[in-house]
Amino acid sequence: MIGWVVFCLLVLGVLALDLFVIRRNGRAIRVGEALAWCAVWIGLALAFNAGVWITRGPKAGLEFLTAYLIEESLSVDNLFVFMLLFAHFSVPEQLRHRVLFWGILGALITRGIFILAGVGLIRRFHWIIYIFGALLVYSGIKLMRQGDEEIHPERNPVLRLFRRWVPVTDDYVGDKFWVRRPGLYATPLVVVLLVVETTDVLFAVDSIPAVLAITLNAFIVYTSNVFAIMGLRSMYFAVAGMMDLFEYLHYGLSLVLIFIGGKMLASHYYTVPTHVALAVVLGLLVISVVASVAFPNKQKA
């Protein structure tokens, strides 16, 4: 319990520092600054991993590292979608960090609920692990078959219901989410935030079962998720202009999902050691990235 309290206070403190001190002026984030923050978050995750290794043993430390790597790699899919959403809604550069900040804060809450529910269900009804496994295999095959898929946020049912009941201003009003004129109006920032939140819920359906295939320790699952999500904002601004370089990364991610799903489906007959799972996931990602660099798609160049 003390570990949970300390971790949550640390995260809330960093979020408050980021919003009210570091990003107080609301300027756009430069690539160099984003890369530096990526390094900070990865360093914090590895330092926390070392702490888990020392206090909870090598098994827990290896589980955290594997879970963090899986969650971080699957988060790349979020970046593609966020880029398309921001372009679709013409979100100004200086406001994108604000949307991602509140979107991630909401994701911390929803994913915490998903993780506790998932762990509880698997511990009580072990057969659910096979449903999660089949879902991951299906998601992996679907990801492998998809090409340059178009995003249609206007079809989002939550967004359509929101626009039906809540008036929305035509343009952005500074960095405000809500304004009075004379009644209460939502600005397009609320609309974008709503789409980001609902999109993250859909991503969580894939990523959380994948991590639950590594461990059912709720503390490790949640903390690895949090570190991956917290670093997502910086990663977006660091690599937003380089996403086309990773042409074959989605194949690697799809194979990761299929492998983890297969691991869950075969769990009754054979338990894949955590270090083997880590090696396979890391190998698939490295191969897909190297292939993207070595064999670029000339049609996109």
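These are a colleague's notes on the predicted model above, point by point.

1. **Ground rules.** This is a predicted model, so local features need pLDDT of at least 70 and side-chain atom pairs count only at pLDDT 80 or more, while totals for chains, interfaces and linings use all residues. Residues are numbered from 1 along each chain as its sequence is written, and side-chain values use heavy atoms, with hydrogens and water left out.

2. **Overall layout.** You'll find 11 helices and 2 strands here. Helices (H or I, at least four residues) and strands (E, at least two) are DSSP runs, numbered from the N terminus. Going along the sequence, the order is α-α-α-α-α-α-β-β-α-α-α-α-α.

3. Of the 301 residues in the protein, 47% are buried. Buried is under 20% relative accessible area, exposed is over 50%, and partly exposed is in between (1.4 Å probe, protein chains only). The accessible surface is about 15,600 Å², and carbon and sulfur atoms own 68% of that. Those areas come from the Shrake-Rupley method with a 1.4 Å probe, and for residues only the protein chains shown count as cover.

4. **Who touches whom.** Take the contacts (heavy atoms within 4.5 Å) with a separation of 6 or more: 79% of them are between residues 24 or more positions apart.

5. **A nonpolar patch.** Have a look at Ile-109, Ile-113, Phe-114 and Val-205, which form a nonpolar patch on the surface with about 350 Å² of accessible area together. Patches are made of residues with over 30% relative accessible area and no salt bridge; like charges are joined within 9 Å, and nonpolar side chains (Val, Leu, Ile, Met, Phe, Trp, Tyr) within 5 Å. Helix α4 (residues 93-124) gives the largest share, 3 residues. Ile-109 sits in helix α4 and is exposed, at 55% relative accessible area.

6. Lys-59 pairs with Glu-63, with 2.6 Å between the closest N and O atoms. The two are 4 residues apart in helix α3 (residues 58-88), so about one helical turn separates them. Lys-59 counts as exposed at 60% relative accessibility, whereas Glu-63 counts as buried at 6%.

7. **A bridge between helices.** Arg-111 and Glu-71 also meet in a salt bridge, at 2.6 Å from N to O. Because Arg-111 lies in helix α4 and Glu-71 in helix α3, the pair ties together parts that are 40 residues apart in sequence. Both Arg-111 and Glu-71 are buried. There's also a network here: Glu-71, Arg-111 and Asp-200 are linked by salt bridges.

8. **One more pair in α4.** Glu-93 forms a salt bridge with Arg-96, the closest N and O atoms being 3.4 Å apart. Both lie in helix α4, 3 residues apart, or about one turn of the helix. Glu-93 is partly exposed at 44% relative accessibility, and Arg-96 is buried at 14%.

9. **Ser-224 in α8.** Helix α8 (residues 218-230) holds Ser-224, which is buried with a relative accessible area of 0%. The Ser-224 side chain reaches the backbone oxygen of Ile-220 at 2.9 Å. That is a polar contact: a pair of N or O atoms within 3.5 Å where, within protein, one must be able to donate a hydrogen and the other to accept it, and residues adjacent in sequence count only if both atoms are side-chain atoms. Setting aside neighbours within four places in sequence, Ser-224 is in contact with Phe-64, Ala-67, Tyr-68, Glu-71 and Val-211.

10. **Ala-218, also in α8.** Ala-218 belongs to helix α8 and counts as buried at 17% relative accessibility. Ala-218 and Val-119 are 99 residues apart in sequence, yet 6.7 Å apart in space, C-alpha to C-alpha. Not counting residues up to four places away in sequence, Ala-218 touches Trp-4, Ile-115, Leu-116 and Val-119.

11. **A length check on α10.** Helix α10 (residues 249-265) has 17 residues and should span 24 Å at 1.5 Å a residue; the end C-alpha atoms are 24 Å apart, which agrees. The expected span is 1.5 Å times one less than the number of residues. Buried residues of α10 include Leu-249, His-250, Gly-252, Lys-263 and Met-264.

Key. Salt bridge = Lys/Arg side-chain N within 4 Å of Asp/Glu carboxyl O.
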